[in-house]
Amino acid sequence: MKWMLSLAAVALAGVAFLSSPILAGDDHEAKAKVGQPAPLFTLTDQTGKTHNLADFKDKVVVLEWFNEGCPFVKKFYVNGDMNTWAKSYADKGVVWIAVNSTKSSNNESDKKIAGDWKIDRPILSDADGTVGHAYGAKTTPHMFIINKGTLSYAGAIDAKPSADASDVKGSKNYVAQALDEILANKSVSEAETKAYGCSVKYAK
Amino acid sequence: MRTLSILTILLACSALMAFENTSTSRNANVKVLSSADAFVPGQTVTLVLLFDMKPDWHIYWKNPGDSGLPPKVKWTLPKGWTASEIQFPTPEKLVSPGGTNFVYHKQVALLVDVVVPESQAVGPNVTLQADLKWLVCDADQCLPESQSVSISLPIKELSSLVRVDEFEKWKNAVRVGESYDPASVDAGR
């Protein structure tokens, strides 16, 4: 009897083990996929204004993962390259938004750096990392393009993985290529590339 | 007036120090070492790029993972000399909320094979310079760092210097030979 009971206990324990969720390398939510609807979010920017991705469902939106302390991000700001690109595509109706998932950042620190670096577009604060993990943002910078609600590009800005601003000129710009194709109603020829940069300094 | 100029000099010095990438300001420091104490015409010498990191800081493997950047080296070599790509030992796997990386903490020796051309004349010291760039990160931040290191060694003929690979072979043969016992060999037959 005692033997039967312990056998049953072992069997139950086995079932409990099998039915528990299997945790992979990290336990964050499923990542956004190119060709699928982009995860929706509502976040506030450095001026306190709230932005809801759903408000841009008819637009082309660029999400730029940002951390001012990262040399790979600075690379695109010391000569104003990122601001220039954002401005030139804004003129074509593209919404260009920075997202900061750095654990130590907040609306105030974003406001300060926006002033220092002449960033006149929103920097959304995602200090708890929810949106970063939903998109699977791995690096700063990590670029995503959403075309009318569908994720259409994910990856690096350009093809030269370095922290040197002198490498920006002459490097193939994947984001510009994808935006030009989207704006010309063409399919994106290189929709996924490997992002490079600092790791995103997530809170968890 | 004199105080003012001293002050100016002091200010200039502190400004210079702030921009200089010194061994104390860097989070990783490199030394270049050689597997032999001379360069030999026609032979390969292995150089060691020895990185020492401050506690908690890491540099990256050739495939850095989800983020990061491997170290890079630009050699300044005499004409006809060649240097191999950097050879990396097994990295550590580092998993963080930002993803997976392959890194080195504390200390790592990266190797580079340098081929000395046959045509190299025997003579006094030749200097090889390595301009290194790398990304070094801890849990909170990443910094690009750079350092130039060099090594100077004389050029010697093979006759006066044993080749490293041959020497290892001969040394091993002697090590084995020292335990040679004819009696046990006979008994084994």
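Which residue forms a salt bridge with R121(A)? The partner is E64(A), and the closest N and O atoms of the two are 3.2 Å apart. Here a salt bridge is a side-chain nitrogen of Lys or Arg within 4 Å of a carboxyl oxygen of Asp or Glu. Please keep in mind that this is a predicted model, in which local features need pLDDT of at least 70, side-chain atom pairs count only at pLDDT 80 or more, and totals for chains, interfaces and linings use all residues. Residues are numbered from 1 along each chain as its sequence is written, chains are lettered from A in the order in which they are written, and side-chain values use heavy atoms, with hydrogens and water left out.

**Salt bridges within a chain**

- Over all chains, the structure holds ten salt bridges.
- Helices (H or I, at least four residues) and strands (E, at least two) are DSSP runs, numbered from the N terminus.
- Both R121(A) and E64(A) are buried; buried means under 20% relative accessible area, exposed means over 50%, and partly exposed lies in between (1.4 Å probe, protein chains only).
- In chain B, D131(B) forms a salt bridge with K74(B), and the closest N and O atoms are 4.0 Å apart.
- That pair links distant parts of the chain, with D131(B) in strand β9 and K74(B) in strand β4 (residues 72–76) of chain B, 57 residues apart.
- D131(B) is partly exposed at 23% relative accessible area, whereas K74(B) counts as exposed at 55%.

**Where the two chains meet**

- Between them, chain B and chain A bury about 1,400 Å², with 55% of it on carbon and sulfur atoms.
- L69(B), P97(B) and C142(B) supply 32% of the area that chain B buries against chain A, more than any other three residues; buried area is the accessible area (1.4 Å probe) that two parts lose on being put together, summed over both.
- In terms of contact (heavy atoms within 4.5 Å), 18 residues of chain B touch 21 residues of chain A.
- Five residue pairs between chain B and chain A are in polar contact, both residues being at pLDDT 80 or more.
- β9 (123–137) and β10 of chain B each supply at least two residues of the side of chain B that touches chain A, and β10(B) gives the largest share of that side, three residues.
- A polar contact is a pair of N or O atoms within 3.5 Å; within protein, one must be able to donate a hydrogen and the other to accept it, and residues adjacent in sequence count only if both atoms are side-chain atoms.

**Salt bridges across the interface**

- The rule finds three salt bridges across the interface of chain B and chain A.
- One of them pairs K138(A) with D66(B), whose closest N and O atoms are 3.6 Å apart.
- The side chains of K103(A) and D140(B) also meet in a salt bridge, at 3.2 Å from N to O.
- K103(A) lies in the loop between β4 and α4 of chain A and D140(B) in the loop between β9 and β10 of chain B, so this pair joins two chains.
- K103(A) is partly exposed, with a relative accessible area of 37%, and D140(B) is likewise partly exposed at 47%.

**G69(A)**

- G69(A) is found in the loop between β3 and α2 (71–74) of chain A and is partly exposed, at 34% relative accessibility.
- Leaving aside neighbours within four places in sequence, G69(A) is in contact with K74(A) and C142(B).
- The C-alpha atoms of G69(A) and L40(A) are separated by 27 Å, the two residues being 29 apart along the chain.

**Helix α6 of chain A**

- Seven of the ten residues of α6(A) (residues 174–183) are buried, so this helix is largely enclosed by the rest of the structure.
- The buried residues are Y174(A), V175(A), A176(A), A178(A), L179(A), E181(A) and I182(A).
- These buried residues pack against β3 (60–65), α3 (81–90), β4 (95–100), β7 (143–147) and β8 (150–155) of chain A.
- At the start of α6(A), a side-chain oxygen of N173(A) comes to within 3.0 Å of the backbone nitrogen of V175(A).
- After α6(A) comes N185(A), with a positive phi near 60°.
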